[in-house]
Amino acid sequence: MSTFEIVKWYSEGKSCQLYSIHIFDKRTDEASLFFEKYGATDHPKRSYTNQLLLLIIKSIANKYGASDDFFDRHENYIHALPPKPKKYITEISLLGSSFPLRIYCMRITNEILILFNGGEKTAPSTQGSKDLSMKFYEALSFANQIKDALNASIIEVDHSKKELKHFQTNYKIEL
Amino acid sequence: MKSPIIDQLLQNIPVEQMVFHDLYMDLVLRINQILQDKQIGKKELAELLGKKPSEVSKWLNGQHNFTLKTIAKLSAVFNEPIIEVSKKKITKKIQPFQHASTYNNLDQVRNFAEPTKL
């Protein structure tokens, strides 16, 4: 059984506030663990990690918000970034179908996004990618707890400030 | 509040890549927005472009290079601007290629990265 809390990850965005999950026995939050791992200087997927970070920080947090355009890979309450390539402009394939990384997240509103961990897509399906599959089920467990907390008004959305209220509550989860 | 890893990674991304990312995302979202707003499907797009549906299919499947000419054609059939080039007078000296780490903060990078409005 692990205990986690929601933490602010990037609150300087003009269009969207980013949060993450911190499991108490881990050194840092889940989104930072993802970017530390895949953004390491010697990691072969580093350039993809940079593209994903630009998408999250520049496009979502600072420009467009968590709009529908970015969220077309979803299952239950979980979304995976980056989005699918847009078929009308596939030649601009920066974030194309062969993009090897996925980071999971939960979109609360267009202005509030919670980032989880992610991994490398090594097979056509998420289930076939061993590491990614595990991260997906973890993200789903986090999302279910957060959804319940939102439904029970333990966590609330402050629509005027476009942020979460009372989010630093501890949750217990079996991973 | 900002996770330290964000700046750590952003500082090592070349400004050129940031500019490309901005242009790319603006273009993707702009074209999608127009297609959705005008409710244009594949068949209709083929008619508008005066091409055979098979040609457009090939085009939509990414077997065609997206050139400025193509963007102009799309802009013409949509009757909507896709790219707008800033007419702002350039007063500063042109800056040499720099890494983001040479800027003091993200705003400077953003200002550099947004001379062209889409």
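Guide: What follows looks at one helix pair, then at confidence and a few backbone details.

This is a predicted model: local features need pLDDT of at least 70, side-chain atom pairs count only at pLDDT 80 or more, and totals for chains, interfaces and linings use all residues. Residues are numbered from 1 along each chain as its sequence is written, while chains are lettered from A and ligands numbered from 1 in the order in which they are written.

The part is helix H2 (residues 46-64) of chain A against helix H2 (residues 15-37) of chain B. Helices (H or I, at least four residues) and strands (E, at least two) are DSSP runs, numbered from the N terminus. The two helices pack at an angle of about 60°, and their axes are 10 Å apart. Axes are lines fitted to C-alpha atoms, for helices over the stretch in contact, with angles from 0 to 180 degrees between N-to-C directions. H2(A) and H2(B) are therefore oblique to each other. Under 35 degrees counts as roughly parallel, over 145 as roughly antiparallel, 65 to 115 as roughly perpendicular, and the rest as oblique.

Which residues make the contact? H2(A) brings Asn50(A), Gln51(A), Leu54(A), Lys58(A), Ser59(A) and Tyr64(A). H2(B) brings Gln17(B), Met18(B), His21(B), Asp22(B), Met25(B) and Leu29(B). Contact here puts C-beta atoms, placed from the backbone, within 7 Å. By class, five residues are nonpolar, five polar and two charged. Ala, Val, Leu, Ile, Met, Phe, Trp, Tyr, Cys and Pro count as nonpolar, Asp, Glu, Lys and Arg as charged, and the others, Gly among them, as polar.

Now confidence. For the complex, the predictor gives an ipTM of 0.83 and a pTM of 0.79. Chain A has a mean pLDDT (the predictor's confidence in each residue, from 0 to 100) of 87, and 91% of its residues reach 70 or more. Chain B has a mean of 73, with 65% at 70 or more. In chain B, confidence is lowest in helix H6 (residues 106-113), at a mean of 55, and highest in helix H1 (residues 4-10), at 94. Where pLDDT is low, the predicted coordinates should not be read in detail.

Two backbone details in chain A remain. The peptide bond from Leu81(A) to Pro82(A) is cis, with omega near 5°. Pro82(A) sits in the loop between strand E4 (78-81) and strand E5 (101-109). Lys162(A) has phi near 55°, a positive value in a residue other than glycine.

Technical notes: Two residues are in contact if their C-beta atoms, placed from the backbone, lie within 7 Å.
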